[in-house]
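Let's take a walk through this structure together. Have a look at it first, and then we'll start from the inside.

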Amino acid sequence: MTLPAEELTSLLNTLEQEATREDAVAMARSSLESTLDGLNLSPEESGALAGEVAQLRGLFRKLEANTIEIAAFGMVSRGKSSVLNALMGRDVFQVGATHGTTVSRVEEEWHRGPDDRPGLDGAKLILVDTPGIDEVGGEGRETLAIDAARRADIILFIVSGDLQRRELEALSALRDVQKPIILVFNQIDRYPDVDRDAIHAKIIDERVAHLIRPDDVVMTSARPDPYQVKIIRDDGTAEIAWERPAPVIEPLKARILDVLEREGKALVALNTLLIAGDLHSEIVARKVRIRDEAANQMIWNFSVATGAAVGLNPIPIADVAGGLVLDVGMIVALGRVYGLPLTKRTAASLVRDMMLALGAMGAVGIATRLLASGMRSSLAGVTILSGGLAAPLTALGYAAFSLAQAGTAATTSYVLGHGAKTYLRQGCQWGPRGIKTVIQEILAQATADSVVDRLKVDLKKKLKS
Ligand SMILES: Nc1nc2c(ncn2[C@@H]2O[C@H](COP(=O)(O)OP(=O)(O)O)[C@@H](O)[C@H]2O)c(=O)[nH]1
Ligand SMILES: [Mg+2]
(Lines give C-alpha, C1' and ligand atoms only; values in the text may rest on other atoms or scores of the structure.)
(Ligands and ions follow the chains in the order given, each with its own letter.)
Protein backbone atom coordinates (compact mmCIF):
# COMPACT_ATOMS: atom_id res chain seq x y z
CA MET A 1 0.00 0.00 0.00
CA THR A 2 1.78 3.08 -1.21
CA LEU A 3 -0.90 5.51 -0.27
CA PRO A 4 -2.38 6.39 3.04
CA ALA A 5 -0.81 6.17 6.45
CA GLU A 6 2.00 8.72 6.33
CA GLU A 7 0.62 10.83 3.56
CA LEU A 8 -2.77 10.93 5.17
CA THR A 9 -1.27 11.98 8.46
CA SER A 10 0.76 14.76 6.92
CA LEU A 11 -2.27 15.83 4.92
CA LEU A 12 -4.32 16.00 8.09
CA ASN A 13 -1.57 17.99 9.75
CA THR A 14 -1.57 20.35 6.82
CA LEU A 15 -5.28 20.82 7.22
CA GLU A 16 -4.98 21.40 10.93
CA GLN A 17 -2.33 24.01 10.44
CA GLU A 18 -4.58 25.64 7.91
CA ALA A 19 -1.70 25.71 5.50
CA THR A 20 -2.58 26.50 1.94
CA ARG A 21 -5.17 24.26 0.43
CA GLU A 22 -3.10 23.97 -2.70
CA ASP A 23 -0.65 21.92 -0.65
CA ALA A 24 -3.28 19.36 0.16
CA VAL A 25 -4.29 19.10 -3.45
CA ALA A 26 -0.70 18.80 -4.62
CA MET A 27 -0.08 16.08 -2.08
CA ALA A 28 -3.15 14.16 -3.11
CA ARG A 29 -2.17 14.54 -6.74
CA SER A 30 1.36 13.20 -6.32
CA SER A 31 0.06 10.42 -4.14
CA LEU A 32 -2.43 9.38 -6.80
CA GLU A 33 0.26 9.59 -9.45
CA SER A 34 2.57 7.28 -7.58
CA THR A 35 -0.29 4.88 -6.89
CA LEU A 36 -1.09 4.68 -10.59
CA ASP A 37 2.57 4.27 -11.49
CA GLY A 38 3.12 1.64 -8.84
CA LEU A 39 0.33 -0.68 -9.92
CA ASN A 40 2.62 -2.59 -12.23
CA LEU A 41 -0.03 -4.54 -14.05
CA SER A 42 0.56 -7.13 -16.73
CA PRO A 43 -1.50 -6.71 -19.91
CA GLU A 44 -4.00 -9.37 -18.74
CA GLU A 45 -4.34 -7.73 -15.37
CA SER A 46 -4.89 -4.32 -16.95
CA GLY A 47 -7.73 -5.89 -18.89
CA ALA A 48 -9.29 -7.53 -15.87
CA LEU A 49 -8.87 -4.48 -13.66
CA ALA A 50 -9.78 -1.89 -16.28
CA GLY A 51 -12.81 -0.68 -14.30
CA GLU A 52 -10.92 -0.03 -11.08
CA VAL A 53 -8.00 1.60 -12.85
CA ALA A 54 -10.39 3.84 -14.79
CA GLN A 55 -11.93 4.88 -11.49
CA LEU A 56 -8.52 5.79 -10.15
CA ARG A 57 -7.79 7.82 -13.26
CA GLY A 58 -11.22 9.41 -12.91
CA LEU A 59 -10.30 10.50 -9.40
CA PHE A 60 -7.15 12.02 -10.73
CA ARG A 61 -9.06 13.97 -13.37
CA LYS A 62 -11.58 15.05 -10.77
CA LEU A 63 -8.81 16.46 -8.68
CA GLU A 64 -7.26 18.22 -11.66
CA ALA A 65 -10.58 19.68 -12.72
CA ASN A 66 -11.33 20.84 -9.18
CA THR A 67 -14.63 19.02 -9.21
CA ILE A 68 -16.73 18.68 -6.12
CA GLU A 69 -19.42 16.04 -5.93
CA ILE A 70 -22.55 16.57 -3.91
CA ALA A 71 -24.73 13.50 -3.56
CA ALA A 72 -28.31 13.29 -2.35
CA PHE A 73 -29.00 10.32 -0.17
CA GLY A 74 -32.03 9.06 1.72
CA MET A 75 -35.19 6.99 1.56
CA VAL A 76 -37.48 6.98 -1.39
CA SER A 77 -39.81 9.92 -2.05
CA ARG A 78 -38.27 12.23 0.51
CA GLY A 79 -37.47 14.58 -2.37
CA LYS A 80 -33.84 13.77 -3.23
CA SER A 81 -34.35 14.40 -6.94
CA SER A 82 -36.53 17.43 -6.25
CA VAL A 83 -33.93 19.00 -3.95
CA LEU A 84 -31.24 18.59 -6.60
CA ASN A 85 -33.52 20.08 -9.24
CA ALA A 86 -34.23 23.05 -7.01
CA LEU A 87 -30.49 23.56 -6.46
CA MET A 88 -29.95 23.35 -10.18
CA GLY A 89 -32.81 25.69 -10.98
CA ARG A 90 -34.29 23.34 -13.55
CA ASP A 91 -35.68 19.85 -13.80
CA VAL A 92 -32.91 17.45 -14.72
CA PHE A 93 -33.46 14.68 -12.23
CA GLN A 94 -36.55 12.61 -12.60
CA VAL A 95 -39.12 13.22 -9.92
CA GLY A 96 -41.78 10.65 -9.17
CA ALA A 97 -44.31 9.88 -6.53
CA THR A 98 -43.96 6.14 -7.00
CA HIS A 99 -41.17 3.88 -5.92
CA GLY A 100 -38.30 3.18 -8.22
CA THR A 101 -38.10 6.31 -10.33
CA THR A 102 -34.43 6.82 -9.84
CA VAL A 103 -32.66 3.66 -10.80
CA SER A 104 -29.12 4.76 -11.27
CA ARG A 105 -26.62 7.36 -10.42
CA VAL A 106 -27.24 10.54 -12.36
CA GLU A 107 -24.79 13.39 -12.55
CA GLU A 108 -25.37 16.98 -13.53
CA GLU A 109 -23.07 19.92 -13.40
CA TRP A 110 -24.21 22.75 -11.22
CA HIS A 111 -23.30 26.13 -12.65
CA ARG A 112 -23.46 28.51 -9.81
CA GLY A 113 -24.95 31.94 -10.21
CA PRO A 114 -23.17 35.29 -10.30
CA ASP A 115 -23.97 35.83 -6.63
CA ASP A 116 -21.61 33.05 -5.69
CA ARG A 117 -18.82 33.64 -3.31
CA PRO A 118 -15.14 33.87 -3.83
CA GLY A 119 -12.93 31.18 -2.42
CA LEU A 120 -14.33 28.42 -4.54
CA ASP A 121 -11.85 29.20 -7.29
CA GLY A 122 -14.00 28.07 -10.16
CA ALA A 123 -14.72 24.70 -8.64
CA LYS A 124 -17.04 22.62 -10.74
CA LEU A 125 -19.94 21.28 -8.75
CA ILE A 126 -21.50 17.98 -9.69
CA LEU A 127 -24.81 16.94 -8.25
CA VAL A 128 -25.33 13.22 -7.96
CA ASP A 129 -28.77 11.67 -7.57
CA THR A 130 -29.07 8.19 -6.09
CA PRO A 131 -31.75 5.57 -5.68
CA GLY A 132 -33.55 5.51 -2.35
CA ILE A 133 -31.81 3.35 0.23
CA ASP A 134 -35.07 1.43 0.50
CA GLU A 135 -36.13 1.37 -3.15
CA VAL A 136 -37.74 -1.72 -4.67
CA GLY A 137 -35.35 -3.92 -6.58
CA GLY A 138 -33.31 -4.20 -3.50
CA GLU A 139 -29.70 -4.49 -2.68
CA GLY A 140 -28.19 -3.54 -6.03
CA ARG A 141 -29.67 -0.12 -5.74
CA GLU A 142 -28.74 0.29 -2.15
CA THR A 143 -25.16 -0.53 -3.06
CA LEU A 144 -25.33 2.07 -5.81
CA ALA A 145 -26.44 4.66 -3.30
CA ILE A 146 -23.74 3.71 -0.82
CA ASP A 147 -21.09 3.84 -3.53
CA ALA A 148 -22.23 7.30 -4.52
CA ALA A 149 -22.09 8.40 -0.90
CA ARG A 150 -18.60 7.01 -0.56
CA ARG A 151 -17.41 8.92 -3.61
CA ALA A 152 -19.17 12.14 -2.76
CA ASP A 153 -17.45 15.12 -1.21
CA ILE A 154 -20.58 16.38 0.47
CA ILE A 155 -23.63 14.32 1.37
CA LEU A 156 -27.11 15.73 1.48
CA PHE A 157 -29.23 13.44 3.59
CA ILE A 158 -32.84 14.16 2.73
CA VAL A 159 -35.72 13.51 5.11
CA SER A 160 -39.28 14.81 5.07
CA GLY A 161 -40.22 14.64 8.70
CA ASP A 162 -39.02 13.07 11.91
CA LEU A 163 -36.40 10.44 11.18
CA GLN A 164 -37.35 6.80 10.96
CA ARG A 165 -35.15 4.15 12.50
CA ARG A 166 -33.92 3.14 9.05
CA GLU A 167 -32.89 6.71 8.33
CA LEU A 168 -31.06 7.05 11.62
CA GLU A 169 -29.15 3.86 10.93
CA ALA A 170 -28.15 5.00 7.46
CA LEU A 171 -27.13 8.39 8.81
CA SER A 172 -24.92 6.84 11.49
CA ALA A 173 -23.32 4.59 8.88
CA LEU A 174 -22.61 7.60 6.69
CA ARG A 175 -21.20 9.55 9.58
CA ASP A 176 -18.43 6.96 9.74
CA VAL A 177 -17.36 7.95 6.24
CA GLN A 178 -16.11 11.20 7.77
CA LYS A 179 -17.32 13.76 5.33
CA PRO A 180 -19.62 16.74 5.62
CA ILE A 181 -23.26 15.76 5.84
CA ILE A 182 -26.05 18.27 5.57
CA LEU A 183 -29.35 16.98 6.89
CA VAL A 184 -32.12 18.39 4.72
CA PHE A 185 -35.58 18.50 6.24
CA ASN A 186 -37.55 18.78 3.00
CA GLN A 187 -41.26 19.13 2.25
CA ILE A 188 -41.77 21.66 5.04
CA ASP A 189 -44.62 23.19 3.04
CA ARG A 190 -46.67 20.17 4.03
CA TYR A 191 -46.62 21.04 7.72
CA PRO A 192 -48.26 23.84 9.64
CA ASP A 193 -45.50 26.14 10.90
CA VAL A 194 -45.84 25.04 14.53
CA ASP A 195 -45.52 21.34 13.68
CA ARG A 196 -42.64 22.02 11.36
CA ASP A 197 -40.72 23.87 14.06
CA ALA A 198 -41.45 21.14 16.60
CA ILE A 199 -40.14 18.46 14.23
CA HIS A 200 -37.09 20.56 13.44
CA ALA A 201 -36.34 21.00 17.14
CA LYS A 202 -36.84 17.30 17.77
CA ILE A 203 -34.46 16.35 14.94
CA ILE A 204 -31.77 18.70 16.19
CA ASP A 205 -32.10 18.07 19.92
CA GLU A 206 -32.95 14.40 20.06
CA ARG A 207 -32.48 12.48 16.86
CA VAL A 208 -29.16 13.64 15.49
CA ALA A 209 -27.69 15.61 18.39
CA HIS A 210 -24.68 13.27 18.46
CA LEU A 211 -24.36 13.05 14.68
CA ILE A 212 -24.92 16.44 13.10
CA ARG A 213 -24.39 20.01 14.21
CA PRO A 214 -27.56 22.15 14.40
CA ASP A 215 -26.16 24.43 11.68
CA ASP A 216 -26.04 21.50 9.32
CA VAL A 217 -29.74 20.78 9.60
CA VAL A 218 -31.61 22.90 7.08
CA MET A 219 -35.24 23.14 6.04
CA THR A 220 -36.38 23.22 2.41
CA SER A 221 -39.41 22.75 0.30
CA ALA A 222 -37.94 21.74 -2.99
CA ARG A 223 -41.16 21.10 -4.84
CA PRO A 224 -44.14 22.49 -2.97
CA ASP A 225 -47.55 21.09 -3.84
CA PRO A 226 -49.32 23.16 -6.46
CA TYR A 227 -52.43 25.10 -5.50
CA GLN A 228 -55.44 26.18 -7.54
CA VAL A 229 -55.59 29.71 -8.89
CA LYS A 230 -58.35 31.48 -10.68
CA ILE A 231 -57.08 33.43 -13.64
CA ILE A 232 -59.29 36.22 -14.94
CA ARG A 233 -58.70 36.83 -18.60
CA ASP A 234 -58.89 40.29 -20.23
CA ASP A 235 -62.29 39.46 -21.66
CA GLY A 236 -63.56 38.82 -18.17
CA THR A 237 -63.79 35.04 -18.42
CA ALA A 238 -62.18 32.96 -15.70
CA GLU A 239 -59.95 29.93 -15.85
CA ILE A 240 -58.86 27.61 -13.08
CA ALA A 241 -55.20 26.65 -13.19
CA TRP A 242 -52.66 24.90 -10.97
CA GLU A 243 -49.68 26.85 -9.88
CA ARG A 244 -46.65 25.62 -8.01
CA PRO A 245 -45.14 27.96 -5.44
CA ALA A 246 -41.46 28.77 -5.78
CA PRO A 247 -39.22 26.32 -3.93
CA VAL A 248 -37.53 27.22 -0.69
CA ILE A 249 -33.95 26.11 -1.31
CA GLU A 250 -31.80 29.10 -0.34
CA PRO A 251 -30.92 27.86 3.16
CA LEU A 252 -29.45 24.68 1.66
CA LYS A 253 -27.60 26.54 -1.06
CA ALA A 254 -26.08 28.85 1.52
CA ARG A 255 -25.07 25.93 3.72
CA ILE A 256 -23.41 24.06 0.84
CA LEU A 257 -21.47 27.15 -0.14
CA ASP A 258 -20.39 27.63 3.48
CA VAL A 259 -19.05 24.11 3.66
CA LEU A 260 -17.32 24.47 0.32
CA GLU A 261 -15.77 27.75 1.22
CA ARG A 262 -14.59 26.45 4.54
CA GLU A 263 -13.24 23.11 3.42
CA GLY A 264 -13.54 23.10 -0.36
CA LYS A 265 -10.31 21.94 -1.92
CA ALA A 266 -8.82 20.35 1.13
CA LEU A 267 -12.01 18.40 1.53
CA VAL A 268 -11.82 17.12 -1.99
CA ALA A 269 -8.16 16.27 -1.63
CA LEU A 270 -8.71 14.31 1.56
CA ASN A 271 -11.71 12.55 0.12
CA THR A 272 -9.82 11.67 -3.04
CA LEU A 273 -7.07 10.10 -1.00
CA LEU A 274 -9.51 8.07 1.03
CA ILE A 275 -11.27 6.68 -2.04
CA ALA A 276 -7.99 6.12 -3.83
CA GLY A 277 -6.81 4.13 -0.82
CA ASP A 278 -9.89 1.91 -0.98
CA LEU A 279 -9.58 1.44 -4.72
CA HIS A 280 -5.92 0.68 -4.44
CA SER A 281 -6.40 -2.10 -1.89
CA GLU A 282 -9.19 -3.48 -4.03
CA ILE A 283 -6.91 -3.54 -7.07
CA VAL A 284 -4.07 -5.13 -5.12
CA ALA A 285 -6.36 -7.82 -3.75
CA ARG A 286 -7.77 -8.63 -7.17
CA LYS A 287 -4.33 -8.57 -8.70
CA VAL A 288 -3.24 -11.21 -6.21
CA ARG A 289 -6.31 -13.31 -7.06
CA ILE A 290 -5.65 -13.03 -10.80
CA ARG A 291 -2.01 -13.97 -10.32
CA ASP A 292 -2.87 -16.89 -8.06
CA GLU A 293 -5.28 -18.26 -10.62
CA ALA A 294 -2.69 -17.98 -13.39
CA ALA A 295 -0.09 -19.58 -11.12
CA ASN A 296 -2.39 -22.47 -10.16
CA GLN A 297 -3.14 -23.20 -13.79
CA MET A 298 0.51 -23.02 -14.69
CA ILE A 299 1.57 -25.34 -11.86
CA TRP A 300 -1.06 -27.86 -12.92
CA ASN A 301 0.02 -27.84 -16.55
CA PHE A 302 3.69 -28.10 -15.64
CA SER A 303 3.01 -30.94 -13.22
CA VAL A 304 1.17 -32.94 -15.84
CA ALA A 305 3.87 -32.17 -18.40
CA THR A 306 6.61 -33.23 -15.98
CA GLY A 307 4.77 -36.42 -15.14
CA ALA A 308 4.25 -37.16 -18.81
CA ALA A 309 7.87 -36.47 -19.64
CA VAL A 310 9.06 -38.81 -16.90
CA GLY A 311 6.51 -41.41 -17.92
CA LEU A 312 7.53 -41.34 -21.55
CA ASN A 313 11.26 -40.99 -21.10
CA PRO A 314 13.03 -44.28 -21.77
CA ILE A 315 16.34 -43.38 -20.13
CA PRO A 316 16.22 -43.71 -16.34
CA ILE A 317 18.62 -40.99 -15.28
CA ALA A 318 17.08 -38.48 -17.63
CA ASP A 319 13.76 -39.03 -15.89
CA VAL A 320 14.91 -37.35 -12.75
CA ALA A 321 17.06 -34.83 -14.51
CA GLY A 322 14.29 -34.09 -16.98
CA GLY A 323 11.84 -33.66 -14.14
CA LEU A 324 14.09 -31.21 -12.38
CA VAL A 325 14.73 -29.20 -15.53
CA LEU A 326 11.01 -28.84 -15.96
CA ASP A 327 10.58 -27.90 -12.31
CA VAL A 328 13.19 -25.18 -12.64
CA GLY A 329 11.48 -23.91 -15.78
CA MET A 330 8.15 -23.87 -13.97
CA ILE A 331 9.53 -21.80 -11.12
CA VAL A 332 11.15 -19.29 -13.47
CA ALA A 333 7.76 -18.95 -15.20
CA LEU A 334 5.99 -18.51 -11.85
CA GLY A 335 8.40 -15.74 -10.99
CA ARG A 336 7.22 -13.94 -14.10
CA VAL A 337 3.58 -14.33 -13.06
CA TYR A 338 4.33 -12.60 -9.79
CA GLY A 339 6.47 -9.94 -11.42
CA LEU A 340 9.56 -11.27 -9.62
CA PRO A 341 12.01 -12.46 -12.27
CA LEU A 342 14.17 -15.35 -11.04
CA THR A 343 17.35 -16.60 -12.61
CA LYS A 344 17.61 -20.30 -13.44
CA ARG A 345 20.24 -20.60 -10.76
CA THR A 346 17.94 -19.14 -8.09
CA ALA A 347 15.10 -21.35 -9.26
CA ALA A 348 17.36 -24.40 -9.16
CA SER A 349 18.44 -23.69 -5.61
CA LEU A 350 14.78 -23.22 -4.66
CA VAL A 351 14.07 -26.66 -6.11
CA ARG A 352 16.96 -28.13 -4.16
CA ASP A 353 15.86 -26.50 -0.88
CA MET A 354 12.31 -27.66 -1.34
CA MET A 355 13.38 -31.20 -2.21
CA LEU A 356 15.40 -31.23 1.00
CA ALA A 357 12.42 -29.89 2.90
CA LEU A 358 10.34 -32.72 1.53
CA GLY A 359 12.83 -34.76 3.50
CA ALA A 360 12.22 -38.46 3.64
CA MET A 361 9.34 -38.02 1.29
CA GLY A 362 11.54 -36.25 -1.25
CA ALA A 363 14.25 -38.86 -0.97
CA VAL A 364 11.74 -41.62 -1.41
CA GLY A 365 10.33 -39.74 -4.35
CA ILE A 366 13.67 -39.51 -6.06
CA ALA A 367 14.51 -43.11 -5.27
CA THR A 368 11.16 -44.21 -6.61
CA ARG A 369 11.75 -42.25 -9.75
CA LEU A 370 15.14 -43.84 -10.28
CA LEU A 371 14.00 -47.31 -9.42
CA ALA A 372 10.87 -47.05 -11.43
CA SER A 373 12.74 -45.80 -14.45
CA GLY A 374 15.16 -48.71 -14.24
CA MET A 375 12.40 -51.26 -13.96
CA ARG A 376 10.37 -49.72 -16.66
CA SER A 377 13.31 -49.69 -18.97
CA SER A 378 13.77 -53.39 -18.50
CA LEU A 379 10.08 -53.88 -19.10
CA ALA A 380 10.46 -51.77 -22.20
CA GLY A 381 13.49 -53.84 -23.06
CA VAL A 382 11.40 -56.98 -22.86
CA THR A 383 8.89 -55.43 -25.12
CA ILE A 384 11.53 -54.48 -27.59
CA LEU A 385 13.16 -57.87 -27.35
CA SER A 386 9.92 -59.57 -28.02
CA GLY A 387 10.06 -57.99 -31.38
CA GLY A 388 8.09 -54.88 -30.65
CA LEU A 389 4.94 -56.91 -30.15
CA ALA A 390 3.88 -56.01 -26.68
CA ALA A 391 2.68 -59.03 -24.83
CA PRO A 392 -0.52 -58.03 -23.05
CA LEU A 393 0.91 -58.60 -19.58
CA THR A 394 4.11 -56.73 -20.23
CA ALA A 395 2.27 -53.87 -21.78
CA LEU A 396 -0.07 -53.71 -18.82
CA GLY A 397 2.79 -53.76 -16.35
CA TYR A 398 4.61 -51.08 -18.24
CA ALA A 399 1.61 -48.80 -18.45
CA ALA A 400 0.68 -49.23 -14.78
CA PHE A 401 4.19 -48.67 -13.58
CA SER A 402 4.72 -45.81 -15.88
CA LEU A 403 1.59 -44.13 -14.62
CA ALA A 404 2.52 -44.60 -10.96
CA GLN A 405 5.90 -43.14 -11.62
CA ALA A 406 4.57 -40.32 -13.70
CA GLY A 407 2.07 -39.63 -10.92
CA THR A 408 4.86 -39.33 -8.37
CA ALA A 409 6.78 -36.99 -10.62
CA ALA A 410 3.71 -34.88 -11.27
CA THR A 411 2.86 -34.70 -7.58
CA THR A 412 6.38 -33.68 -6.71
CA SER A 413 6.23 -30.92 -9.31
CA TYR A 414 2.87 -29.89 -7.94
CA VAL A 415 4.26 -29.52 -4.43
CA LEU A 416 7.35 -27.72 -5.69
CA GLY A 417 5.20 -25.36 -7.75
CA HIS A 418 2.92 -24.45 -4.89
CA GLY A 419 5.90 -24.11 -2.59
CA ALA A 420 7.49 -21.67 -5.00
CA LYS A 421 4.18 -19.85 -5.34
CA THR A 422 3.97 -19.37 -1.57
CA TYR A 423 7.55 -18.16 -1.51
CA LEU A 424 6.93 -15.66 -4.33
CA ARG A 425 3.67 -14.39 -2.87
CA GLN A 426 5.44 -13.57 0.35
CA GLY A 427 7.94 -11.44 -1.53
CA CYS A 428 10.60 -14.18 -1.86
CA GLN A 429 10.47 -15.27 1.75
CA TRP A 430 9.44 -18.47 3.46
CA GLY A 431 8.01 -16.54 6.37
CA PRO A 432 7.92 -17.42 10.05
CA ARG A 433 6.71 -21.00 9.49
CA GLY A 434 9.80 -21.84 7.49
CA ILE A 435 10.29 -23.85 4.33
CA LYS A 436 9.77 -27.27 5.89
CA THR A 437 6.36 -26.49 7.36
CA VAL A 438 5.24 -24.75 4.18
CA ILE A 439 6.21 -27.68 1.98
CA GLN A 440 4.76 -30.31 4.25
CA GLU A 441 1.50 -28.44 4.58
CA ILE A 442 1.23 -28.26 0.80
CA LEU A 443 1.90 -31.96 0.54
CA ALA A 444 -0.72 -32.72 3.20
CA GLN A 445 -3.22 -30.46 1.44
CA ALA A 446 -2.48 -32.10 -1.92
CA THR A 447 -3.11 -35.49 -0.37
CA ALA A 448 -6.32 -34.32 1.27
CA ASP A 449 -7.53 -32.87 -2.02
CA SER A 450 -6.55 -36.13 -3.79
CA VAL A 451 -4.47 -34.09 -6.19
CA VAL A 452 -2.54 -37.24 -7.10
CA ASP A 453 -5.67 -38.92 -8.44
CA ARG A 454 -6.66 -35.89 -10.45
CA LEU A 455 -3.16 -35.50 -11.83
CA LYS A 456 -3.24 -39.15 -12.87
CA VAL A 457 -6.48 -38.63 -14.75
CA ASP A 458 -4.87 -35.84 -16.76
CA LEU A 459 -1.68 -37.86 -17.11
CA LYS A 460 -3.52 -40.86 -18.52
CA LYS A 461 -4.94 -38.68 -21.25
CA LYS A 462 -1.56 -37.23 -21.98
CA LEU A 463 0.29 -40.57 -22.01
CA LYS A 464 -2.30 -42.07 -24.33
CA SER A 465 -2.12 -39.28 -26.87
N1 LIG B 1 -45.11 19.13 -0.97
C2 LIG B 1 -43.89 18.81 -1.37
N3 LIG B 1 -43.69 17.72 -2.14
C4 LIG B 1 -42.43 17.42 -2.51
C5 LIG B 1 -41.32 18.20 -2.12
N6 LIG B 1 -40.21 17.65 -2.63
C7 LIG B 1 -40.60 16.58 -3.32
N8 LIG B 1 -41.93 16.44 -3.27
C9 LIG B 1 -42.74 15.40 -3.89
O10 LIG B 1 -42.36 14.16 -3.35
C11 LIG B 1 -42.38 13.15 -4.33
C12 LIG B 1 -41.05 12.47 -4.42
O13 LIG B 1 -40.06 13.38 -4.87
P14 LIG B 1 -38.70 12.89 -5.50
O15 LIG B 1 -37.86 14.10 -5.67
O16 LIG B 1 -38.93 12.04 -6.67
O17 LIG B 1 -38.18 12.02 -4.28
P18 LIG B 1 -36.95 10.99 -4.27
O19 LIG B 1 -37.53 9.63 -4.44
O20 LIG B 1 -36.37 11.14 -2.90
O21 LIG B 1 -36.01 11.37 -5.35
C22 LIG B 1 -42.77 13.86 -5.64
O23 LIG B 1 -44.15 13.70 -5.82
C24 LIG B 1 -42.45 15.29 -5.36
O25 LIG B 1 -43.29 16.18 -6.09
C26 LIG B 1 -41.56 19.34 -1.29
O27 LIG B 1 -40.68 20.06 -0.90
N28 LIG B 1 -42.86 19.58 -0.95
MG1 LIG C 1 -35.37 10.35 -6.96
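A nonpolar core is a set of buried Ala, Val, Leu, Ile, Met, Phe, Trp, Tyr and Cys residues joined through C-beta atoms within 7 Å. Keep in mind that what you see is a predicted model. Its largest nonpolar core has 59 residues, and the members touching the most others are Ile70, Ala71, Ile155, Leu156, Phe157 and Val184.

Leaving aside residues up to four places away in sequence, Ile155 touches Ala71, Phe73, Ala149, Leu174, Lys179 and Ile181.

Leu174 takes us to helix α7 (residues 165–175), where it is buried along with Glu167, Ala170 and Leu171. Looking down the axis of α7, you'd find the buried residues within an arc of 100 degrees, so they line one face of the helix. Over on the other side of α7, Arg165, Glu169, Ser172 and Ala173 are exposed.

Now for the ligand. Ligand 1 is surrounded by 22 residues, with Gly79, Lys80, Ser81, Ser82 and Ser221 the closest. That shell is made up of 11 polar, 6 charged and 5 nonpolar residues.

How far does the confidence go? The average pLDDT of the protein is 77, and 75% of the residues score at least 70. Strand β6 (residues 217–219) comes out highest at 97, while helix α12 (residues 359–385) is lowest with a mean of 44. Across residues 366–397, pLDDT stays under 50.

Definitions and conventions: Residues numbered from 1 in each chain as written. Chains lettered and ligands numbered in written order. Predicted model: local features only at pLDDT ≥ 70, side-chain atom pairs only at ≥ 80, totals over all residues. Near = placed C-beta within 6 Å. Nonpolar A, V, L, I, M, F, W, Y, C, P; charged D, E, K, R; others polar. pLDDT = per-residue confidence, 0-100. Helix = DSSP H or I, 4+ residues; strand = E, 2+ residues; numbered from the N terminus. Contact = placed C-beta atoms within 7 Å. Buried ≥ 20, exposed ≤ 12 C-beta atoms within 10 Å, placed from the backbone. Arc of directions from axis to C-beta.
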